[in-house]
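Hi,

Here is the structure I promised to pass on.

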Amino acid sequence: EQPKAKVIKLNTNENPYPPSHLVGNAISGVTLDSLRKYPDPACDILISAIAKYHGFDKENVFVGVGSDDVLAMGFLTFFNSNEPVLFPDITYSFYDVWAELFRIPYVVKPLDDDFKIIASDYEGSCGGIVIPNPNAPTGVAEPVSFFEEIIKAHPECVVIIDEAYVDFGSQSCIELTRKYDNVLVVRTFSKSRAIAGNRIGYAVGSKELIKYLSDCKFSFNSYTMDTITLAAGVASIEDDEYFKARVQDVIATREWTKGQLSELGFSFPDSKSNFIFAKHESVDAVHIFEELKKRGIYVRHFSKPERIADYLRISIGTDEEMRTFIAELSKIVK
């Protein structure tokens with residue numbers, strides 16, 4: 001939900017802080033005259049900035065209109081066999097949508113009772129693998145070694161690691177792309193870099209994988225990134241100090257919120273993301289969801305699958321927003 005009224009919005013995992021002022025300066029610096037021309041289809045300035053930031057060559061980086069665009073292009077490019085693609089049963093809700101849209105066979109693998117991925121479920125023959133780290137909506141993260149074992153077991157297919165929330169405390173698999181030519185790491189500017197409104201996503205992988213992605217993209221739509229967004233993305237990369245400071249702010253608020261939720265009778269997996277996936281010991285999740293909404297506080301409830309119907313996903317807001325959230329929540333559950 002994207003409510004028009006002023007509310008405390010903790011339902012879509014947006015960053016509670018604005019992007020760097022350099023982003024604003026870059027957007028303001030885009031001339032009207034430049035907008036009459038098509039943007040650079042190669043997105044060179046943004047790809048160069050991302051490649052330099054991570055220490056890769058430009059040929060190792062692909063960009064798209066948010067990580068959704070990058071992931072969808074990954075599905076379209078790499079998952080073409082008769083073998084099923086594998087991903088968790090509780091995970092990002094668009095994986096099965098893309099698989100069905102592109103007529104890709106897939107099999108979901110159940111998380112265990114602690115909402116953790118079972119590595120042995122991904123050992124068999126398949127047409128590809130997609131796993132987020134941390135997972136969403138659970139917030140559970142795994143170490144790089146966990147993913148390396150899965151990648152090594154499948155040299156014949158592409159393994160996509162979706163790192164939308166990786167900056168909030170989990171280990172990145174990006175260095176594995178130097179070691180294995182079948183792994184693609186996908187990231188977004190929408191969460192930790194606070195530019196959800198500009199739509200920037202990117203992938204890092206072997207030069208061969210990136211070339212295939214680019215070939216598919218240029219056959220589909222050559223002009224995916226607009227001039228303003230390219231400028232904003234470069235500016236965000238350039239202000240690394242601001243970026244890291246705001247990430248630490250979100251982490252600190254998340255850890256404080258965990259303590260408060262525990263005192264109120266909630267249980268939750270240990271989140272390494274900018275949200276908490278929480279269940280109350282005795283009060284129904286739908287009741288809490290509706291009562292918070294009456295108070296102008298929006299969180300996320302998933303009715304399906306049934307296994308997570310008792311949980312709420314709570315995005316991390318500012319300190320002031322989370323204090324208000326906890327104060328109102330305490331009135332509902334006590």
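**Pockets, cavities and a helix pair**

The lining of the second largest pocket is made up of nine nonpolar, two polar and three charged residues. Before I go on, keep in mind that this is a predicted model. That second largest pocket has a volume of about 250 Å³. It has 14 lining residues, and Lys9, Glu14, Asn15, Pro16 and Tyr17 are the closest to its centre.

Now for the largest pocket, which holds about 890 Å³ of space. Its lining runs to 40 residues, with Tyr92, Ser93, Phe94, Arg300 and Arg313 nearest the centre. Helix 3, strand 3 (85-88), helix 4 (95-101) and strand 12 (300-301) are the elements that each give two or more residues to that lining. Helix 3 contributes the most, with four residues. Sorted by class, the lining of the largest pocket comes out at 18 nonpolar, 12 polar and 10 charged residues.

On to the cavities: there are three of 30 Å³ or more. The largest cavity contains about 80 Å³ of space. Of the 14 residues lining the largest cavity, Pro19, Ser20, Arg193, Tyr242 and Phe243 lie nearest its centre. Which element gives the largest share of this lining? That would be helix 9 (residues 240-263), with three residues. Seven of the residues lining the largest cavity are nonpolar, four are polar and three are charged.

The second largest cavity has about 40 Å³ of space. Its lining consists of Phe115, Lys116, Ile117, Pro132, Asn133, Asn135, Val140, Glu142 and Phe147, which by class gives five nonpolar, two polar and two charged residues.

Helix 3 (residues 66-78) packs with helix 7 (residues 207-220) at an angle of about 100 degrees, and their axes are 9 Å apart. Angles from 65 to 115 degrees count as roughly perpendicular, so the two helices are roughly perpendicular to each other. On the helix 3 side, the contact is made by Met73, Gly74, Leu76, Thr77 and Phe78. Helix 7 brings Leu209, Tyr212, Leu213, Cys216, Lys217 and Phe220 to the contact. By class, the contact between helix 3 and helix 7 has eight nonpolar residues, two polar ones and one charged one.

Cheers

Technical notes: Residues numbered from 1 in each chain as written. Predicted model: local features only at pLDDT ≥ 70, side-chain atom pairs only at ≥ 80, totals over all residues. Heavy atoms only, no water. Axes fitted to C-alpha atoms, helices over the stretch in contact; angles between N-to-C directions. Parallel < 35°, antiparallel > 145°, perpendicular 65-115°, else oblique. Contact = heavy atoms within 4.5 Å. Nonpolar A, V, L, I, M, F, W, Y, C, P; charged D, E, K, R; others polar. 1 Å grid on protein atoms, 1.4 Å probe; cavity = no way out; pocket = protein on both sides within 12 Å on 5 of 7 lines; lining within 4 Å. Points joined across faces, edges and corners; volume = space filled by probe spheres on them.
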